[in-house]
Amino acid sequence: MTAAPEAGAPEVGAPRRRSEDARLVTGRTRWTDNMQPAGTLHVAFLRSPQAHARIVRADAERARERPGVVAAFTGADLADEQGSLPCAWLVTDDIKHPDHPPMAVDEVRYAGEPVACVVARDRYAAFDALEEIDVDYEPLAPVVDMDAAVEDGSPLVHEGLGTNKSYTWVFENGDLDAALRDAPVVLERRYVQQRLIPTAMEPRSVLCVPEGDEFTLYSATQIPHILRLMLATVTGIPEHRLRVVAPDVGGGFGSKLQVYGEEVIALLLARRLGRPVKWTESRSEGNMAVHHGRDQIQRLTLAADEDGRIRGLKVDLLADMGAYLMLVTPGIPILGAFMFNGIYKMDAYSFTCTGVFTTKTPTDAYRGAGRPEATYAIERLMDELAAELDLDPIEVRRRNWIAKEEFPYETVAGLTYDSGNYEAATERALALFEYDKLRAEQADRNERRDPVRLGIGVSTFTEMCGIAPSRVLGSLSYGAGGWEHASVRILPSGKVEVVTGSSAHGQGHETAWAQIAADRLGVPFEDVRVLHGDTAIAPKGMDTYGSRSLAVGGVALYAACDKVVDKARSIAAHLLEAAEQDLEFTGGRFGVRGVAGEGATLQEVALAAFAAHDLPDGLEPSLDSDATFDPDNFSFPHGTHLCAAEVDTETGMVRLRSYVAVDDVGKVVNPLIVEGQVHGGLAQGIAQALYEEAVYDAEGNLTTTTMADYLLPSAADLPEFTTDRTETPATSNPLGVKGVGEAGTIASTPAVVNAIVDALRPFGVSDVPMPCTPERVWRALRGERGERGGEGAEPGAGGGLGSAGGAR
């Protein structure tokens, strides 16, 4: 691929290399942990070793006497000013929402919860002094298992609530009882979405610098604008006295879509001590204290006819909130409520989610945020339905998906899918994958009883992204809107500054936004600079998450550019002594329609506006414009992912042999960025299927606190991906774009697990719990043989391990 388009060619659609990578890849950039203002003090946090306990006594006096220590505080010392961390998504009127102090005062509710902190002249002195803080705990019963947590008589995470249930949220459409009644096929399954730790490249870090009665807080955050508002709300510091800066941020995946206690404490300490205060987490600290993702128990009932057509779907979820409700914790599984039907037509749908408190680290947004969990469930069920009816998994999907001529289509979950072409994406994926050839090889291996079996996994998915519209979010009790803001500033020289409220943390905004502006304004790509991530420079914005940056923020920029052109048109018409309606604007130049040679470039108009010597009466001397975009609908990327996995039935080892992903993300601004987003998403989704799991023991201790325990795949653990695209433009925005940042994660997990189960079906296995480690695969095979057919039973001797119920 080329680095830049040829002269005169459009920027949008060109595979331009990311301009920000030169500094990011070399480390010649600014991130929070490499900032060190004069007089900076460093903070270390003492974290609870108990999952659940009363704090009988906390004493930091000896820590204050250590060399280099400036101050030390317990939660009780800051109780009057630290407030409670916010939750912006209270999904029901009767939701149980306990207070969440940034540092625990009376009781700890998860291992890793902060109970005290030390402030010192360097981070090592601060960390060493933690051992001098005395805390006496009275242990309380941990609450680890969700099923047990909702039973009568269970120990309570929050005694004052009287229950471990935070909320129950219900959505129903259609007559499910009628759909289930006398259905020829009813499948009942139970799947577990294991708990995951986001593990961004850059750990969390925060630096707060006081300047009189004003404060600048630098944070490795995805949400500088939201963080600013929430910090003002929690601490009482007026919002206009707070500036929040997200420098170059090394990844987030949702883990930095948060208002963390460490950010609040850093601000309070800077105010109290009058000095810059800084904290950066260690990896083991982060594994305990950064919010976790997923952690659901899914109980599913699917009703279908004998030909495989779906009648209805029932979903009952238990969703682990952890110990507290953080910024959007309760809403994450609710996002999935609208995606359990996937791309399929059905008459009835019922969704019930119960949020459950446990004595574990709180959960919140993680790449995909509710949609990967939903996609996993429906795509696993489609394979189960195909197996039950002895149909090809592709065929059972064809019989149920929304046909291309049926768009726009209102789904059983109440969303209107505006565009799509599942047929085209699937046909392209099948061809690239050589599906028929692999099926023939699979049959041959099964016939030969090859100990290494071949499985083929299918995932035909869609997702809702571009988190907005604001009215829909409001109807779901979300505490903010979904709009996005952009400004375009035309400098006197004709150079362009773009200011976006969408704050990048690795997505390539600086390149993609410059490409959009260059095309709309007709200026060279190199003449555009993109500014973001600083509430003093970009004061308006709703930030970056939910694959919303391009579909909402990019469209806001598109509209702002058009306003610039409209302003410039008035000045150009005056300069050219022509009527505005007679002017054409192409390639950055205004010309009089039908008159060759006469014209004015945008740069010439910008200079004329700056000089203001000869402007139309009443026209302000500026081309600068801004725009706010609030879409009428979500965007719905889709695609077909196919995975071929080889499973060694003697050892349980899984090897991914090939993987094909054909995605439809609407119009593409930069194919290189899309490719990178897909690759990264695939890595995370495959990691959930095969490698990653946050594990707690019966006492509530996290046992996967380091990278030696929590397995992240490297490039060597992943196959070479074959990727391609079809293009069905979105109708919900003028760019025709859809989201891409989470698609790979959403689609890939069921594709991989379906491939593993497909390889093991001849042995009677219909599920392997994630992550599908060699031990779990081996146990699935051994368990079925031992239970049904004895050691060495032939294929087909057993039923499906891990399935609850079956077909009737």
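I began with a charged pair, and I found that the side chains of Asp77 and Arg64 meet in a salt bridge, with 3.3 Å from N to O. Asp77 lies in the loop between strand E3 (69-74) and strand E4 (107-108), whereas Arg64 is in helix H2 (residues 61-64), so this pair ties together parts that are 13 residues apart in sequence. I noted that this is a predicted model. Are the two partners buried or exposed, or in between? I read Asp77 as partly exposed at 36% relative accessibility, and Arg64 as partly exposed at 31%.

I then searched the whole structure for such pairs, and the search gave 66 salt bridges. One that I looked up is between Arg190 and Asp147, whose closest N and O atoms are 3.4 Å apart. Because Arg190 lies in strand E8 (residues 185-196) and Asp147 in helix H4 (residues 146-149), the pair ties together parts that are 43 residues apart in sequence. Arg190 has a relative accessible area of 29% and is partly exposed, and Asp147, at 22%, also counts as partly exposed.

Next I turned to Arg204, which forms a salt bridge with Glu262, the closest N and O atoms being 2.9 Å apart. Arg204 sits in the loop between E8 and strand E9 (205-211) and Glu262 in helix H7 (residues 261-273), so here the parts tied together are 58 residues apart in sequence. I wrote down that Arg204 counts as buried at 4% relative accessibility, and that Glu262 is buried with a relative accessible area of 4%. Both residues belong to a network of salt bridges that links Arg47, Arg204, Glu262, Glu281 and Glu285.

My next entry is on domains. The protein chain is divided into domain 1 (32-140 + 203-249 + 256-289), domain 2 (293-467 + 633-781) and domain 3 (483-629). I looked at how domain 1 and domain 2 meet: their C-alpha centres lie 37 Å apart, and 31 residues of domain 1 are in contact with 27 residues of domain 2. The area buried between domain 1 and domain 2 is about 2,300 Å², and carbon and sulfur atoms give 71% of that area. How many salt bridges cross this interface? The rule finds zero between domain 1 and domain 2, although it finds eight residue pairs in polar contact there. On the side of domain 1 that touches domain 2, helix H6 (224-235) and helix H8 (283-289) are the elements that give two or more residues, and H8 gives the largest share, five residues. By class, that side of domain 1 has 19 nonpolar, six polar and six charged residues.

I also checked the backbone, keeping in mind that most residues other than glycine have a negative phi, and most peptide bonds are trans. The peptide bond from Ala468 to Pro469 is cis, with omega near -5°, and Pro469 is in the loop between strand E18 (452-462) and helix H14 (470-475). Another cis peptide bond joins Met770 and Pro771, with omega about -10°. Arg294, in strand E13 (residues 293-304), has a positive phi near 65°, and at 6% relative accessibility this residue counts as buried.

Last, I visited Thr462 in strand E18, which is buried with a relative accessible area of 2%. A polar atom of the Thr462 side chain lies 2.8 Å from the backbone oxygen of Pro637, and residues that Thr462 touches include Met339, Tyr417 and Phe636.

Terms used
Residues numbered from 1 in each chain as written. Predicted model: local features only at pLDDT ≥ 70, side-chain atom pairs only at ≥ 80, totals over all residues. Heavy atoms only, no water. Domains from an automatic or database assignment. Contact = heavy atoms within 4.5 Å. Buried area = accessible area lost by both parts, 1.4 Å probe. Salt bridge = Lys/Arg side-chain N within 4 Å of Asp/Glu carboxyl O. Polar contact = N/O pair within 3.5 Å; in protein donor to acceptor, adjacent residues only side chain to side chain. Helix = DSSP H or I, 4+ residues; strand = E, 2+ residues; numbered from the N terminus. Nonpolar A, V, L, I, M, F, W, Y, C, P; charged D, E, K, R; others polar. Buried < 20%, exposed > 50% of the residue type's maximum accessible area, 1.4 Å probe, protein only. Lists of a residue's contacts leave out its neighbours within four places in sequence.
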